[in-house]
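Visitor: I would like to learn how to read salt bridges in a model of this kind. Could you take me through some cases?

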Amino acid sequence: LGRCSTMPGGWLLSKVNGAERTMVEDTLLTALRGAEGGMFVPTGRGALEVASTEKASWHFKVMDKASNNGCIFIGVEATSVKDGQLMFLGQDWFHSTCIDEYPAYYYSSDGDLCWGNQVVRSTGCTYGNGDVINIQLHDSSLTFTKNNDPVGNIENIKGFVRIGVQLHRPGDKILLLKELTGAGAVKDIRGREEYEVRTKQKKAEEERRVAANKQQALEEEQARLAFLEEQQRQKEEEETRAKEMEEERLRREEEVLALEAIEEEKRRVKIEEERLRLLEIKRAREKEAEAARKAAAQEQIQKIARSRGGYTETQDPDAPTEKEIQAYIRGCLPLRYASARQMGMTKLPGVTETAAMRLTLTPQQHHAIKEHLTNLKRRAKASPGESSPQESTKPTKPQSATTPKAAQ
């Protein structure tokens, strides 16, 4: 135990009982065996020792990570603050003795930056096959990058340091690409810083572009929403206008119907008034015709009376009224009806019956009855002791006829 050998490429390789645990081909470090018991981890340590205050840079490429279960550690081993010596070659870095006694600072393939068995920072940035890991020492600080992208820093590095790699599974392979010190390291560090600046600028520009795109998308969305709102507003206005127009149309139709109803009522009233007017005219004409007929009848009666010598232009005070004439006729009818029934007649010849028993007489009959009643009044005035004209106008009941011949 404790034996080590210097191999081409500046590597110090761990051995166990004289058996090599790692192999170097040029600058390619390969694990031949796996880690055992925390004390026999396949380890490669660089031959170059650098003060923590100086500048140095190392570039590695993971050629093969044999298993997902094991980790690869890439970092530096610092000299002890007690005796100035390095830790035992092959000691597992994830151990409490690798904090203060024999410090080890490294970047684990599971994404953690560690100081011994303490996790300084969990970056979540794992690495594996094909990834390039860069470690830069400057101002007592270690800066780790993966594929030129910053991973993190570990501060307060003290003493002298040597680069180191620990492989935990057989077949793990790490290739040392560059080992720079002095001006080369300064240039490499400056290039990394400039790259970080450019990356930050690019990132900031990308963030600004993304923000601008988001702002543009937001403005476009707002414009789209505004357009949709405007369309909705216009649609609502059109619907409102259409509704108002429909209401106006219905109102006008109602007004037209109301006006038509009013006009129809006016026409109906006018027609009714015209009908009443024509009816009045008809009635007036009928009245005039009736008056003319009566005047003609009266004229005919007068003509007949003149022909018989019984007509006077002046009204005779003893002449009976029409009412007295009708009363006289109604008083005569029952006697005539009785006589007619006795003779087997169903009705009186030449007599027209009415509902009020008013007889329609010819002018000659009317004049004869009137003259008869006038004479009766005059005789009554000439003979005061005799019966009154009203009594004399009442007809006497005819005697019953014993035979049809006597009755006739």
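Guide: What follows is a conversation about salt bridges in this predicted model.

Visitor: What is the general idea, and how many salt bridges does a search of the whole structure find?

Guide: Side chains of opposite charge can pair when their charged atoms come close. A search of the whole structure finds 23 salt bridges.

Visitor: Which parts of the chain does the pair of arginine 162 and glutamate 49 link?

Guide: The side chains of arginine 162 and glutamate 49 meet in a salt bridge, at 3.5 Å from N to O. This pair links distant parts of the chain, since arginine 162 belongs to strand β16 (residues 160-167) while glutamate 49 sits in the loop between β6 (43-46) and β7 (50-51), 113 residues apart.

Visitor: Is arginine 162 buried or exposed?

Guide: Arginine 162 counts as buried because its relative accessibility, 18%, falls under the 20% cut-off. Glutamate 49, at 37% relative accessibility, counts as partly exposed.

Visitor: Where do arginine 233 and glutamate 230 lie?

Guide: Both lie in helix α1 (residues 182-308), 3 residues apart, which is about one turn of the helix, and their side chains meet in a salt bridge at 2.2 Å, N to O. Arginine 233 is partly exposed at 36% relative accessibility, and glutamate 230 is partly exposed at 29%. Glu230 and Arg233 are also linked with Glu237 and Arg241 in a network of salt bridges.

Visitor: How many residues apart are glutamate 253 and arginine 249 in helix α1?

Guide: They are 4 residues apart in helix α1, so about one helical turn separates them, and their side chains meet in a salt bridge at 2.3 Å, N to O.

Methods: Residues numbered from 1 in each chain as written. Predicted model: local features only at pLDDT ≥ 70, side-chain atom pairs only at ≥ 80, totals over all residues. Heavy atoms only, no water. Salt bridge = Lys/Arg side-chain N within 4 Å of Asp/Glu carboxyl O. Helix = DSSP H or I, 4+ residues; strand = E, 2+ residues; numbered from the N terminus. Buried < 20%, exposed > 50% of the residue type's maximum accessible area, 1.4 Å probe, protein only.
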